[in-house]
Amino acid sequence: MADLDVAVAGAGFAGIYAVHAFRSAGLTVRAFEAGSGIGGTWFWNRYPGARCDVESKDYSYSFSPELEQDWSWSERYPAQPEVLRYLNHVADRFGLWPDIQLNTRVAAASWDTDQAEWTVTTDDGASVTARFFVSAVGCLSAYQVPSLPGLETFAGPWYHTSRWPADGVDFTGLRVGLIGTGSTGIQVAPEVAAVAEHLYVFQRTANFAVPNRNRATDPAWEAAFKADYRSYRKKAQGSFLGVPLTGTGRPALAEPPAEVQQALMERWQAGGGMPFLGAYTDVLVDRDANDIVAEFMRDRIRETVADPAVAELLLPRSYPVGSKRLCQSDDYFAMFNRPNVTLVDIRSAPLTSVSARGLHTADAFYELDALVFATGFDAISGALNQIDVRGVGGVPLAETWAAGPRAYLGVAPAGFPNMFIVTGPGSPSVLSNMVVSIEQHVEWIRDCVLYAGAHGYATVQAKPSAEDAWMAHVTEVAYATLFPLADSWYVGANIPGKPRVFTCYLGGVGPYRARCDEVAAAGYEGFALDRRLAMSSSIHPQAQLILDGIAAAGGPPFWELTPEQARAIVTANSEHIGAGPDVASVRDVVIPGQAGGIPARVYSPVPSAPGVVVYYHGGGWVVGSVNDWDASVRALAVASGCDVVSVDYRLAPEHAFPAAADDAYDALVWAAGELANGRPVVVAGDSAGGNLAAVTALRARDLDGPALALQVLAYPVTDCDLDRKSYHEYDGTEFLVNRRDMAWYWDCYVPDPAARVNPYASPLRAPDMTGLPPLYLVTDEHDPLRDEGFEYADRMRAARVPVEHRHYGSQIHGFFTFVNLLDDADKAVSEAGATIRAVVKG
Ligand code: NAP
């Protein structure tokens with residue numbers, strides 16, 4: 001058994017919430033964090049001027065209404081120390097510290113197919129096993145320092161902004177060289193310029209930047225805003241970027257130019273990148289529209305920077321605005337008016353080397369006391385590739401991603417079972433409000449993990465075909481925009497030799513969320529759910545008591561008895577169950593069947609029930625009767641609130657196949673025609689009765705018979721092959737049914753083995769499952785019929801038939817009928833009943 005349910009790499013926004021979400025769901029979890037504190041990017045990027053470019057009201061968790069009410073942000077755009085304080089407050093408030101291990105870097109994670117678990121090894125040499133491995137390492141964590149010849153000879157200190165000394169750096173009186181003018185460089189430069197003797201800004205590519213118009217939070221505004229926080233969050237989740245924006249909703253090219261200029265100016269004055277770029281619908285898809293916005297921004301640089309030559313160098317021209325991350329700053333361009341700041345164009349004269357006293361370019365030497373690299377990250381895949389992740393067959397993730405990072409839905413890489421990546425490649429991630437996307441991913445992953453557990457699946461893995469199709473969609477959407485035109489880190493262009501692949505999903509946060517939800521609702525479509533390992537749980541003590549009682553009785557196996565003797569034992573055993581609940585009325589009827597009257601009993605729990613359930617009892621087509629099943633059918637009638645027709649179909653071997661199936665179908669036709677009166681009809685059954693219910697649903701479809709609202713199958717016989725794994729696992733005589741018993745039942749029901757593959761005997765063999773009614777499937781773990789139940793559900797899902805599957809990990813074959821005796825039986829019947837009730841009420 002694995003040490004943990006979930007091992008998480010990283011404790012930034014994603015890892016912190018993962019700990020909370022998994023733990024709240026009853027799972028054991030531990031997050032491993034390389035830093036000496038939590039916060040991830042907000043822990044490491046503590047350079048002066050570091051500030052979020054998403055507003056604080058948006059860049060915060062939404063999972064706790066109490067948290068969002070209690071916490072107050074001091075500014076419109078939070079500075080790095082405040083974000084870090086917030087994250088520590090969250091960890092304190094929700095008591096997350098015991099499940100976060102600091103100062104521990106995940107070095108390797110490898111999948112063990114036999115055990116169906118991950119072994120996660122940390123840099124201290126320790127290892128832990130976990131059923132699931134969740135990467136929360138972030139998209140921008142692997143910082144990069146350019147390989148400049150001679151850097152090691154530099155006499156002064158040098159820093160990368162993403163590994164800034166915790167105690168800060170004093171640049172007073174120093175000549176400082178800054179390399180990099182992206183979001184980070186633009187933030188750090190004015191802070192350094194304010195104290196340094198001289199700042200040299202080495203610019204390779206000029207960048208666009210909009211003003212923040214940062215300001216202190218107005219308490220009156222805050223109170224009013226917080227009163228409606230919930231509905232604001234809802235809008236954010238359904239929005240395009242994870243922030244509710246009010247754009248004009250119109251293309252700029254369709255507007256009078258003067259009005260476009262005015263609207264842009266209003267947004268420029270208001271500050272903020274997302275509202276500015278989101279003003280018009282065509283800015284990121286049409287080069288002409290983009291040029292209008294770009295030229296507007298160049299005009300702002302021209303009017304801010306006093307020296308026209310410097311201004312000219314600062315004008316971005318080589319890519320569409322927005323196709324590289326739009327920077328935000330209130331003081332970057334004005335900084336170039338200071339006498340102690342020099343802009344150095346390293347596009348025309350590139351950096352060549354470093355020596356002890358400074359930097360060399362192709363045409364000059366700059367004497368420097370300190371160097372600052374704001375040169376960015378190996379984004380999206382870099383941090384994960386630093387971990388030696390190995391999936392099925394020991395294949396390294398880095399190898400799988402050699403042509404570019406990929407993952408189904410941007411969350412699950414094919415070939416890596418039980419592994420998920422929060423804001424992974426192919427998800428909206430860095431092109432959205434990260435906190436919204438992180439919360440969505442963590443919750444989706446949590447639900448997937450819970451689903452697997454509840455349904456007895458050991459492994460969940462993306463199918464390669466689903467991953468291929470998703471990534472093709474991601475590419476198609478991206479190439480309908482201007483984004484791929486820029487040499488940005490979005491496409492890996494900033495890392496020499498990295499394949500150029502656009503790996504963010506640009507279909508929008510809201511539509512993306514909807515797609516993820518659809519996949520989950522369809523039973524995790526595109527994923528292979530597998531039960532390579534049996535659940536480790538043991539038999540429930542109440543079920544064990546039943547098995548012990550049967551063993552103590554010490555009777556011979558059924559196949560040594562005559563059918564009459566076997567039936568008498570079943571009847572005697574059914575008396576131990578006792579009486580079922582009272583219902584409003586019970587009446588015995590005789591249904592006119594093709595081969596004569598079919599006895600049946602109609603249970604009506606209430607005078608006018610909303611639907612009708614036709615129920616077929618179990619017993620291997622050989623034993624069992626309406627009387628023997630009375631208690632559990634009553635319980636189902638009460639739980640579903642429906643009239644239940646329990647059918648005494650003809651038994652084998654006196655009446656071989658297809659007698660029982662014919663009676664089952666005739667009973668449905670009668671119930672739908674004579675009893676239902678337009679009310680929805682459901683078929684249901686357990687074991688061999690589950691077989692008859694499944695077959696009846698197939699026949700109703702094939703014969704254009706009665707429409708069915710649902711089929712409810714409890715551990716059904718779906719196939720004649722007795723060689724499945726579960727048959728071998730539960731073959732002992734101590735079980736209610738074993739392999740030998742089932743062979744006898746099949747011999748009685750379909751004596752000719754060749755005839756058993758008929759889909760009306762083995763419904764799993766039906767060539768086509770489309771158009772069947774939704775399936776509600778009940779299975780249990782300690783049951784030879786377990787695996788064919790799972791396969792039936794898989795076939796249904798593949799045919800896009802909705803499936804709800806409840807697996808009872810500690811139960812035995814037959815448990816569904818042991819109401820009164822087993823708590824799980826009462827629970828299973830009442831859950832099935834509740835589903836029937838919901839379905840018939842529409
Ligand atoms: P970045 O956007 O990748 O910028 C790196 C800068 O370094 C670019 O100007 C790049 O020039 C330059 N550079 C890289 N290698 C170089 C080399 N060998 N020689 C010369 N120049 C070189 O990295 P970043 O500024 O750290 O930002 C990364 C992302 O982090 C941002 O896009 C944003 O998503 C996030 N971020 C957000 C905030 C915020 O919320 N306000 C702040 C900081 C960062 P080229 O353009 O020519 O490649």
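Ser62 lies in the loop between α2 (41-44) and α3 (65-70), where helices (H or I, at least four residues) and strands (E, at least two) are DSSP runs numbered from the N terminus. This is a predicted model, in which local features need pLDDT of at least 70 and side-chain atom pairs count only at pLDDT 80 or more, whereas totals for chains, interfaces and linings use all residues. Residues are numbered from 1 along each chain as its sequence is written, and side-chain values use heavy atoms, with hydrogens and water left out. The protein holds 26 helices and 28 strands, and its C-alpha atoms fill a box of roughly 105 × 60 × 50 Å along the principal axes. Of its 842 residues, 58% are buried, a term that stands for under 20% relative accessible area, with exposed meaning over 50% and partly exposed in between (1.4 Å probe, protein chains only).

- Helix α15 (residues 434-454) has 21 residues and reaches 30 Å from its first C-alpha to its last, close to the expected 30 Å, the expected span being 1.5 Å times one less than the number of residues.
- Because 15 of its 21 residues are buried, α15 is largely enclosed by the rest of the structure, and the helix is followed by Gly456, which has a positive phi near 75 degrees.

**The ligand and its surroundings**

- The ligand is surrounded by 25 residues, of which the closest are Arg51, Thr181, Thr184, Thr205 and Lys324; a residue counts as near a molecule or strand if one of its heavy atoms lies within 4 Å of it.
- Helix α5 (residues 183-193) supplies three residues, the largest share of the shell around the ligand.
- An N or O atom in the side chain of Gln187 is 3.0 Å from a nitrogen atom of the ligand, an N or O atom in the side chain of Thr205 is 2.4 Å from an oxygen atom of the ligand, and a polar backbone atom of Ala374 is 3.3 Å from an oxygen atom of the ligand.
- On its own the ligand has 900 Å² of accessible area, and the protein covers 86% of this; such areas come from the Shrake-Rupley method with a 1.4 Å probe, and for residues only the protein chains shown count as cover.

- Strand β6 (residues 127-135) is mostly covered, with seven of its nine residues buried, and it pairs with strand β1 (residues 4-9) in the parallel sense over five bridges; two strands pair if DSSP finds at least two bridges between them.
- Ser135 in β6 is the bridge partner of Ala9, and Ser135 also has Ile421 as its bridge partner in β18, a strand (residues 419-421) that pairs with β6 in the parallel sense over three bridges.
- Strand β5 (residues 117-122) pairs with β6 in the antiparallel sense over four bridges, with Trp118 opposite Ala130, and in the hairpin of these strands, which has four residues between them, Gly125 takes a positive phi near 90 degrees.
- Strand β8 (residues 175-179) has four of its five residues buried and runs parallel to strand β9 (residues 198-203), joined to it by five bridges, with Leu199 in β9 as the bridge partner of Val176.

- Strands β21 (residues 585-593) and β22 (residues 596-604) pair in the antiparallel sense over nine bridges, forming a hairpin with two residues between them, in which Ile591 stands opposite Ile598.
- Strand β22 also pairs with strand β24 (residues 643-647) in the antiparallel sense over four bridges, where Tyr603 stands opposite Val644.

**Cysteines**

- A search of the whole structure finds zero disulfides, a disulfide being a pair of cysteine sulfur atoms within 2.5 Å.
- Cys748 is buried at 8% relative accessibility, and its sulfur is too far for a bond, because the closest cysteine sulfur, in Cys720, is 15 Å away.
- Cys642 is likewise buried, at 0% relative accessibility.

Definitions and conventions:
A polar contact is a pair of N or O atoms within 3.5 Å; within protein, one must be able to donate a hydrogen and the other to accept it, and residues adjacent in sequence count only if both atoms are side-chain atoms.
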